[in-house]
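Hi everyone, thanks for coming. Please take a look at the structure on the screen, and then I'll walk you through a few places in it.

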Amino acid sequence: MLYTGFEEDKRLVQVVPSARQIAYENMELFCFIHFTVNTFTGSEWGDGTEPESIFNPTELDARQWAKTAAEGGMKGLILTCKHHDGFCLWPSKYTEHSIKNSPYKNGKGDIVRETAEACREFGLKFGVYLSPWDRNNSSYGKGKEYDDYYLNQLTELLTEYGDIFVIWLDGACGEGPNGKVQKYDWQRYYKVMRELQPNAVISISGPDIRWCGNEAGEVRPSEWSVVAKDMTDPAITAALSQQEDNEEFRNRPLDETQTDLGSRERLANEKELAWYPAETDVSIRPGWFYHEEEDEQVRSFENLKDIYLKSVGGNTTLLLNLPPMKNGRIHETDAANLKQLGEFIENTFKHNLLQDAEISILSASNAEKSNGEALRMDDYDSYFVNEEGDKELSINIKWEKPRKVSYLVIKEAIPLSQRVESFSVSYENDGIMQECYKGTTIGYKKIIDLQEIETANLIINIDDARVAPAISFVGVY
């Protein structure tokens, strides 16, 4: 099937997000807490033979985790309830390799419960990570027997700890204690997840949220949420995922073959499509678990800011990992740098200069300039959309006096799909309009660094779209 222009574009925009996907994308920024026996052995991947007795965080306070995340501007927290080593941070009835046989609170602790309660206290949503690979359990690799075990533990997590906003599944899959590899029954897993937590998204090795493809915080220049449906196949995620513990993988840049996932040309021959938005996941340290020798290698505020602007500002969500120390607390450097990020987000995007501006929209289907009031509201109840067939529009923002502007935020009305193919931004300088930015995709959110230019007039030109562009929000800061 060759690209057929308008009819093909209409087909592409028939793909729209679910309510749970929209809610997830609206959260924008959340944290990972990687914490297990690996924290005490100094490894990244445990092998399942670690004695439960080594797990003893003497100062653990889940409230400190939640407070750190909230101060960092985060809206949710995902806990590694069980990593590949099989050690459970809750007293699971289905294994002895758990917190119930550790010195922590004399075997009476439940870190999953403590974390869920702390999240509620600090206004965060709570998510769970349950590795499908269990290097401790003897049934791993035995088909249905292991699937039953995995689903029993999943059921515990999804029924005993309140609302869950995400179930995070990675693609690692290796040999178990018996030398066998388990073939996961993904569809059976998904069915249980949907039944028990229907509002939760299933991420990465799941049908709702896509891994960006690297762990270095790198983002595609053009990120599409509408992609080929076969990308939702967990086997594709598994093939791209880390299959052994090595530092090289964590620093690996984006695979060049994966840079274009959703252009018209890329999707022209795809029969089935899916709304499958990307998530950028990265750790604040070189490792995903805490290692004392990395205390001087914590990402700086400037680096975190750069990743935030490129990821959340590049049509992806951002999942930032904060690994607690052996005592169970997040290191003061990690917390301080993240707090700076939270302050930057809050202070920078607090006052929208659009509130003091005159805004008008011009397009072929609007020969008379339209009032741009709908663009001041950051929601999907109001948006501006061109008439069908009209793919270009110009958004003109004027102030009475020149204003210093640092960032421009543009959001599409994604309930109507992702439509914009290319756009540009110009500003008035000494009475002359100068182009200062040229971009491709917008999607859920685009943040453009305007480098503190001073101007009384900004113009956003949507130069091409799949069908009539639908813009829900513009912010100037």
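Before we start, one definition: helices (H or I, at least four residues) and strands (E, at least two) are DSSP runs, numbered from the N terminus. Now the background. This is a predicted model, where local features need pLDDT of at least 70 and side-chain atom pairs count only at pLDDT 80 or more, while totals for chains, interfaces and linings use all residues. Residues are numbered from 1 along each chain as its sequence is written, and side-chain values use heavy atoms, with hydrogens and water left out.

Let's begin with arginine 210, which sits in strand β6. Is arginine 210 buried or exposed? Its relative accessibility is 2%, so arginine 210 counts as buried; the word buried means under 20% relative accessible area, exposed means over 50%, and partly exposed is in between, using a 1.4 Å probe and protein chains only.

Which residues surround arginine 210? Setting aside neighbours within four places in sequence, arginine 210 is in contact with residues including Trp224, Met231, Leu261 and Pro277. Contact here means heavy atoms within 4.5 Å. Tyr276 is also among the contacts of arginine 210, and the backbone oxygen of tyrosine 276 lies 2.9 Å from a polar atom of the arginine 210 side chain. For a polar contact we ask for a pair of N or O atoms within 3.5 Å; within protein, one must be able to donate a hydrogen and the other to accept it, and residues adjacent in sequence count only if both atoms are side-chain atoms.

Arginine 210 has a charged partner too: glutamate 223 forms a salt bridge with arginine 210, with the closest N and O atoms 3.0 Å apart. This pair links distant parts of the chain, 13 residues apart, since glutamate 223 is in the loop between β6 (210-211) and β7 (226-228). Glutamate 223 counts as buried because its relative accessibility is 1%.

By salt bridge I mean a side-chain nitrogen of Lys or Arg within 4 Å of a carboxyl oxygen of Asp or Glu. How many salt bridges are there in the whole structure? A search finds 30. Another one joins glutamate 270 and arginine 266, with the closest N and O atoms 2.9 Å apart. Glutamate 270 is buried, at 19% relative accessible area, whereas arginine 266 is partly exposed, at 29%. There is also a network, in which salt bridges that share partners join Asp9, Arg264, Lys391, Glu421, Asp464 and Arg466. In helix α1 (residues 6-12), arginine 11 and glutamate 8 lie 3 residues apart, about one turn of the helix. Their side chains meet in a salt bridge of 3.0 Å, N to O, and both residues are buried.

Next, helix α5 (residues 111-121). Its buried residues include Ile111, Val112, Thr115 and Cys119. They pack against α4 (62-71), β2 (76-82), β3 (125-130) and α6 (144-159). Aspartate 110 caps the N-terminal end of α5, placing a side-chain oxygen 3.2 Å from the backbone nitrogen of valine 112. Just after α5, glycine 123 has a positive phi of about 75°.

That takes us to the nonpolar cores. A nonpolar core is a set of buried Ala, Val, Leu, Ile, Met, Phe, Trp, Tyr and Cys residues joined through side-chain atoms within 4.5 Å. The largest one has 78 residues, and Phe55, Trp65, Leu79, Ile111, Tyr308 and Phe349 touch the most other members. The element giving the most to this core is α6, with 7 residues. Apart from it lies another core, of 28 residues, among them Ile395, Ile397, Leu408 and Ile410.

Tyr308 belongs to helix α11 (residues 301-311), where the buried residues also include Phe301, Leu304 and Ile307. Among the elements covering them are β1 (29-33), β9 (278-283), β10 (316-321) and α12.

Last stop: isoleucine 442, in the loop between β16 (432-439) and β17 (446-465). Its relative accessibility is 0%, so isoleucine 442 counts as buried. Beyond neighbours within four places in sequence, isoleucine 442 is in contact with residues including Asn315, Ile410, Phe423 and Ile462. How far is isoleucine 442 from glutamate 59? They are 383 residues apart in sequence and 44 Å apart in space, C-alpha to C-alpha.
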